[in-house]
Each structure stands twice: as structure tokens, then as C-alpha cells.
Amino acid sequence: MTRAVPIELKSLRWSVGNLTILHDLSLTIAAGEVVALLGPSGCGKSTLLKLLAGLLQPSAGELWIGDRCVASARHCDAPEQRHLGMVFQDYALWPHMTVAQNVAFPLRMRGVSKSTARLQADAALAQVALADFGDRKPALLSGGQQQRVALARALVAKPAILLFDEPLSNLDRDLRETLVHTMADLLRAAGITAVYVTHDREEASTLADRIVHLAQGRIVSITHLKGNPHAISRVS
Ligand SMILES: Nc1ncnc2c1ncn2[C@@H]1O[C@H](COP(=O)(O)OP(=O)(O)OP(=O)(O)O)[C@@H](O)[C@H]1O
Ligand SMILES: [Mg+2]
């Protein structure tokens, strides 16, 4: 297992022209901590996740992952340099590949041999209870199953950090309740540092050690759920 790493936002800002979307956010996420970002539509949750992922560059401030400053207004490490996995709302599976090929894809990109990648993909699929689905095409799976494939694909490369953007919002309520527990268990077992975007308070409370409440691009409050003694938080 990869060692979990902390994440630190130091007065992180993101602006488009004169419009500031995220206002100088400061927050420390401890290694292995699960933080939920909760807030209304348009408050900046996905934008913050994209900054963490390296899909956007900050306008000011610094983003640290472990002991490295990965992004500031002057430089920005590419997503693949950050050793993280991402799970989005729309699954984003390749339709022409089988389930196992989808899960093996991040490993193949790193030069892992076909047979080793398949073995590791099968192990990741077993973790999300889809051991028998490897040879199917994603289109033949239900929404909940497809999202579990996306989760297996994010887990397979044993990332230090996992980022989730409303991964369950396309699913019906019963399935959401089951999957949120599956995800909570997997995150705890893997000890991965995770940031989970949602606008569902219940989902956030099930998963997170802390809930960071965002409104209009600012951190307005933080709820401690499990009281991680290593977590330091600052509200700017
Ligand atoms: N490239 C962009 N150019 C201009 N404005 C943008 C850009 N990207 C995001 N925004 C604005 O930033 C704000 C935050 O967007 P973001 O997608 O982060 O919200 P969100 O909290 O994820 O909302 P939702 O819950 O609806 O997904 C919105 O007002 C959005 O219109
Ligand atoms: Mg969003």
C-alpha cells in the first residue's frame, strides 16, 4: 500500500479575469484523513477538486502534497505527477474496452505488463465485489456497477490520494446508501487521504472525518466527526 500523504492549502485562490471563484482557502488535511467538501451548487467544490487534481492552476497561494509544493501561480505539477486517483459523477469508462481493461488501463499507461495488470485489475474488481464482471463491456452493467468499476480503476494504482466529485449523484437512493458504505469501508481499509465532494449531508457524515462547508468560494465552517487528533484546520 502507498503511504498516505497530507494535503495543505495555503491561501489558495482561483480567479477567472476579475472574478474570484475560490477566495484564499487555507486548510490542512492529515495523511489518511477523509474530508468531505459540502456546499450548494456553484460554491466552488469541483473547482477546488480540479486544483487538487492539477486540472487547474491556482491564481495565488500554494498547494502542498506531502513535502512538495505541487502548485502555485508560478508552477503546476501535472496530474500524473501527483499520484492520485479520481472518481467522477459520470463514471468516464471507455465503452470499447472490457471492464477489466478499463481497470487495468492506469497500470498499462505506466508500463505494467498485460498479465500483471490483469491480475491487479481482477484484485481491484474483487475489492468492489465485481470479480465476475471483468470480461463484460461497461454498457452491460448497471449505473451502480459502473461506478464501482470506476472506483476499482481509481484504487488499482494504489494512489496516495483519492478525489471524488459527487460519485453517487446519478444513482438512486438505495444504491447510494449501499455504495457510500462500501466506499467508506474501502477508504478506511486503504488508509488513503481522500477529498469527497458532495451536496448530500448524509453522505458526507457517513464518509468523512471532517466536513468542510463551502459557500461562495469560502470555507464557512468545519464539522469534526471523528476527531482526528492529527488534523489541523484553519478557517481563512
Ligand atoms: N472556467 C470557468 N470560467 C468561469 N467561471 C467558472 C469556470 N469554472 C467554474 N466557474 C464558476 O465557478 C463557480 C464554481 O463552480 P464549481 O463547478 O466549482 O461549483 P460546484 O460547487 O462544483 O457546483 P455543483 O454542485 O453544481 O457541481 C460557478 O459559479 C461557476 O460558474
Ligand atoms: Mg461540481
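User: How many salt bridges does the count come to here, and what is the general idea behind such pairs?

Analyst: The count comes to 8 salt bridges in this structure, which is a predicted model. Side chains of opposite charge can pair when their charged atoms come close. One case to look at is the pair formed by Arg 118 and Asp 122, whose side chains meet in a salt bridge with an N to O distance of 3.0 Å.

User: Where do Arg 118 and Asp 122 lie, and how many residues apart are they?

Analyst: Both belong to helix H3, which spans residues 114–127, and they stand 4 residues apart, about one turn of the helix.

User: Let me turn to the ligand. Which residues are around ligand 1, and how do they divide into nonpolar, polar and charged?

Analyst: The shell consists of Trp 14, Val 16, Ile 21, the run Pro 40, Ser 41, Gly 42, Cys 43, Gly 44, Lys 45, Ser 46 and Thr 47, and finally Glu 166. By class, this shell holds 5 nonpolar, 5 polar and 2 charged residues.

User: Which atoms of Cys 43, Lys 45 and Glu 166 lie by an oxygen atom of ligand 1?

Analyst: For Cys 43 it is a backbone N or O atom, 3.2 Å from an oxygen atom of the ligand. Lys 45 instead brings an N or O atom of its side chain, at 2.7 Å from an oxygen atom of ligand 1, while for Glu 166 a polar side-chain atom lies 3.5 Å from a ligand oxygen. As for cover, ligand 1 taken alone exposes 640 Å², and the protein buries 56% of that area.

User: How should I read the largest pocket, and about how much space lies in it?

Analyst: Rolling a probe the size of a water molecule over the atoms shows where empty space is left. In this model the largest pocket holds about 710 Å³ of space. Its lining is made of 21 residues, and those nearest the centre are Glu 80, Leu 84, Gly 85, Met 86 and Pro 106.

User: Which elements give two or more residues to this lining, and what is its make-up by class?

Analyst: Strand E6 (84–88), helix H2 (99–109) and helix H4 (143–156) each give two or more residues, with the largest share, 5 residues, coming from E6. By class, the lining has 16 nonpolar, 2 polar and 3 charged residues.

How values were computed
Residues numbered from 1 in each chain as written. Chains lettered and ligands numbered in written order. Predicted model: local features only at pLDDT ≥ 70, side-chain atom pairs only at ≥ 80, totals over all residues. Heavy atoms only, no water. Near = heavy atom within 4 Å. Polar contact = N/O pair within 3.5 Å; in protein donor to acceptor, adjacent residues only side chain to side chain. Areas by Shrake-Rupley, 256 points an atom, 1.4 Å probe, with all protein chains shown as cover. Nonpolar A, V, L, I, M, F, W, Y, C, P; charged D, E, K, R; others polar. 1 Å grid on protein atoms, 1.4 Å probe; cavity = no way out; pocket = protein on both sides within 12 Å on 5 of 7 lines; lining within 4 Å. Points joined across faces, edges and corners; volume = space filled by probe spheres on them. Salt bridge = Lys/Arg side-chain N within 4 Å of Asp/Glu carboxyl O.
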